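Please examine the sequence and the structure shown here.

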Amino acid sequence: MGRPAADFVGSLPGLGLLLCGLGCLASAELRAPPDRIAIIGAGIGGTSSAYYLRQKFGKDVKIDVFERDEVGGRLATLKVQGEDYEAGGSVIHPLNLHMKRFVKELGLSTIPVSGGLVGIYNGQTLVFEESSWFIINMIKLVWRYGFQSLRMHMWVEDLLDKFMRIYRYQSHDYAFSSVEKLLYAVGGVDYVGLLNHTLRENLQKAGFSEKFLNEMVAPIMRVNYGQSTDLNAFVGAVSMTAADSNLWAVQGGNKVVCSRLLQASKGNLISGSVLSIEEKMKNKQTGNPTKMYEVVYQMGSETHSDFYDIVFVATPLNPEMSTITFLNFNPPIEEFREQYQQLVTTFVKGELNSTLFSSRAKDQFGLSTILITDNANMFINSLGIVSSVRKKENPASSPDGIHVWKTFSREVLTKEQISRLFLTYDYAVRKLWRSYPYYKPPQRCPSIVLHDQLYYLNGIEFAASAMEMSAIAGYNAALLAYHRWNGHTNMIDQDDLYEKLKTEL
Ligand SMILES: Cc1cc2nc3c(=O)[nH]c(=O)nc-3n(C[C@H](O)[C@H](O)[C@H](O)COP(=O)(O)OP(=O)(O)OC[C@H]3O[C@@H](n4cnc5c(N)ncnc54)[C@H](O)[C@@H]3O)c2cc1C
Ligand SMILES: *[C@@H]1O[C@H](CO)[C@@H](O)[C@H](O)[C@H]1NC(C)=O
Ligand SMILES: *[C@@H]1O[C@H](CO)[C@@H](O)[C@H](O)[C@H]1NC(C)=O
């Protein structure tokens, strides 16, 4: 599990000094680890931080993970006639290195995710149809949009390239005390500035045409974030990376990563709902009164409480979603009012009425994903054939034309709406989400450090909400808590990290 070497050296101060000389004197003088850490939320943010906290603080810390619902959070599956399908976070990018690492270290398997052939519908007609021939796609794209899609690819690649620096910083144990500082460290002022402008403004300035923005970019924002191109340019770029062709998912369901991380971290799952957090003086067995956090939580009809040295909040804090109150903090913990949008995932097993989208005969239709432009005036955001979390075969092959389709919509679909989309259907199941933030640039990200040893992970979602972003936040908060606990200020918010680390191995 990871790199225990540093902790080992730390636990033997004499040997530590001998091995590392003056250069790492500070890091050799470790304070005793905390006794107890609480993590609220067992989604990918909470469970990945449990995993990394265990690596940093060692085997003796007691880690409690509170979950009021199911482990996995927004990674969840729904059953359609005995098979499980991803209903929340579903696709993972090949360069999502934390997710990749988890799968490898936890011994899980992956399955490739293919959207099949994609069509883009504008309410009247398909403005773009993918072909199974790469070269034909290129010709179609160039014909319709000039070289804009290629330039788009380069714009995204450039931002992604810079973003990859975060992995290098984290592998050298560097932490950031705010999301803005993290983004500044990967790409400087222009990078942080992506949060201040809409994707549309950004791409218009870069010379992309209205047609390209409306027909190619907007449908991708709509399927991935349920919003228009007026979201911030950073989440816009993250969303564009999901147009990559090598996406994958975890066999058995992405949520399995969360339960396995929890297991590997030897965290203790408490199935309860946290009600409040309060700072109090507490007498530890070993000596003087210490400042600790009292976490009050509800299990069934009973209320319990426990004391912790460090608390991680790994769930969105806003009045509609959170039951957590911060009591008697001085100054008070800031209030978070940022809204999350409602989104409905619906799975329908049935036969699509393809004439809604194309006049072509239904056995000639061939598309398995339909994206939708913003002016199409449709009640759904997207529609696509999906395979179960166990299957590896191509979803598009079904002799009777019956598939499991997944749609996203703002509102719950009525029976009439489902019947308009499908010629026949015999099953529909849905899940309602508070899915991700409403992005309204200029965007300020909520703080990470709420109090001395009280950390908030989900502020990162206001830059962009994705599994990998939560995992990055989980690792960052674990490193930050570790360094702050030990007074290693030289590992937090360092300038010029990129230059500094260039010369290192
Ligand atoms: C429909 C949908 C599709 C998505 N698609 C993708 C995708 O394809 N790729 C991708 O990378 N990302 C995707 N995302 C985003 C991704 O799922 C999220 O960014 C990520 O899962 C967030 O993880 P988290 O741990 O930060 O939060 P959550 O998963 O929300 O975890 C928070 C947990 O805290 C628990 N909790 C809350 N309050 C309390 C309390 N008071 N006490 C105890 N427990 C509490 C909740 O029950 C929850 O389990 C999608 C999201 C949605 C909704
Ligand atoms: C972003 O906008 C905020 C005000 O909303 C401003 O304080 C900040 O300096 C801006 N950042 C950049 C990098 O432009
Ligand atoms: C399929 O959709 C088309 C176009 O909206 C409509 O004219 C037709 O009646 C629908 N077919 C069925 C069987 O509902």
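The paragraphs that follow treat helices, a hairpin, a surface patch and salt bridges in turn.

The structure is a predicted model, and the description begins with helix H4, which runs over residues 44–57. Its 14 residues span 20 Å from the first C-alpha to the last, close to the 20 Å expected at 1.5 Å a residue. Helix H4 is also mostly covered, since 14 of its 14 residues are buried. Directly after helix H4 comes glycine 58, which adopts a positive phi of about 90°.

Helix H11, comprising residues 210–225, has a kink of about 35° at valine 217. The kink lies shortly before proline 219. Glycine 226 follows H11 and has a positive phi, near 60°.

The next element is a hairpin. Strand E6 (residues 118–121) and strand E7 (residues 126–129) pair in the antiparallel sense over three bridges. Within this pairing, isoleucine 120 has phenylalanine 128 in E7 as its bridge partner. Four residues separate E6 from E7, and in the turn glycine 123 has a positive phi of about 100°.

Trp133, Ile135, Ile136 and Ile139 make a nonpolar surface patch of about 440 Å². One of these residues, isoleucine 136, is located in helix H6, which covers residues 134–145. Isoleucine 136 is classed as partly exposed because its relative accessible area is 34%, a value between the limits of 20% and 50%.

Charged side chains form the last topic. Side chains of opposite charge can pair when their charged atoms come close. How many salt bridges does the structure hold? There are 22 of them.

In one salt bridge, arginine 434 pairs with glutamate 320, and the closest N and O atoms are 3.6 Å apart. Arginine 434 belongs to strand E19 (residues 422–437), whereas glutamate 320 lies in the loop between strand E13 (310–313) and strand E14 (325–327), so the pair ties together parts that are 114 residues apart in sequence. Both partners are partly exposed: arginine 434 has a relative accessible area of 35%, and glutamate 320 one of 48%.

Another salt bridge joins arginine 444 and glutamate 334, with 3.3 Å between the closest N and O atoms. This pair, too, links distant parts of the chain, 110 residues apart. Arginine 444 is in the loop between E19 and strand E20 (449–451), and glutamate 334 is in the loop between E14 and strand E15 (340–352). Arginine 444 counts as partly exposed at 47% relative accessibility, and glutamate 334 is partly exposed at 33%.

A further salt bridge brings together the side chains of arginine 337 and glutamate 335, at 2.6 Å from N to O. Are these two residues buried or exposed? Arginine 337 and glutamate 335 are both exposed. Finally, salt bridges also link Arg36, Lys62, Asp64 and Asp306 in a network.

How values were computed. Residues are numbered from 1 along each chain as its sequence is written. Chains are lettered from A and ligands numbered from 1 in the order in which they are written. This is a predicted model: local features need pLDDT of at least 70, side-chain atom pairs count only at pLDDT 80 or more; totals for chains, interfaces and linings use all residues. Side-chain values use heavy atoms; hydrogens and water are left out. Helices (H or I, at least four residues) and strands (E, at least two) are DSSP runs, numbered from the N terminus. The expected span of a helix is 1.5 Å times one less than its number of residues. Buried means under 20% relative accessible area, exposed over 50%, partly exposed in between (1.4 Å probe, protein chains only). The bend at a residue is the angle between axes fitted to the seven residues ending there and the seven starting there. Patches are made of residues with over 30% relative accessible area and no salt bridge: like charges are joined within 9 Å, nonpolar side chains (Val, Leu, Ile, Met, Phe, Trp, Tyr) within 5 Å. Accessible areas come from the Shrake-Rupley method with a 1.4 Å probe; for residues, only the protein chains shown count as cover. A salt bridge is a side-chain nitrogen of Lys or Arg within 4 Å of a carboxyl oxygen of Asp or Glu. Two strands pair if DSSP finds at least two bridges between them.
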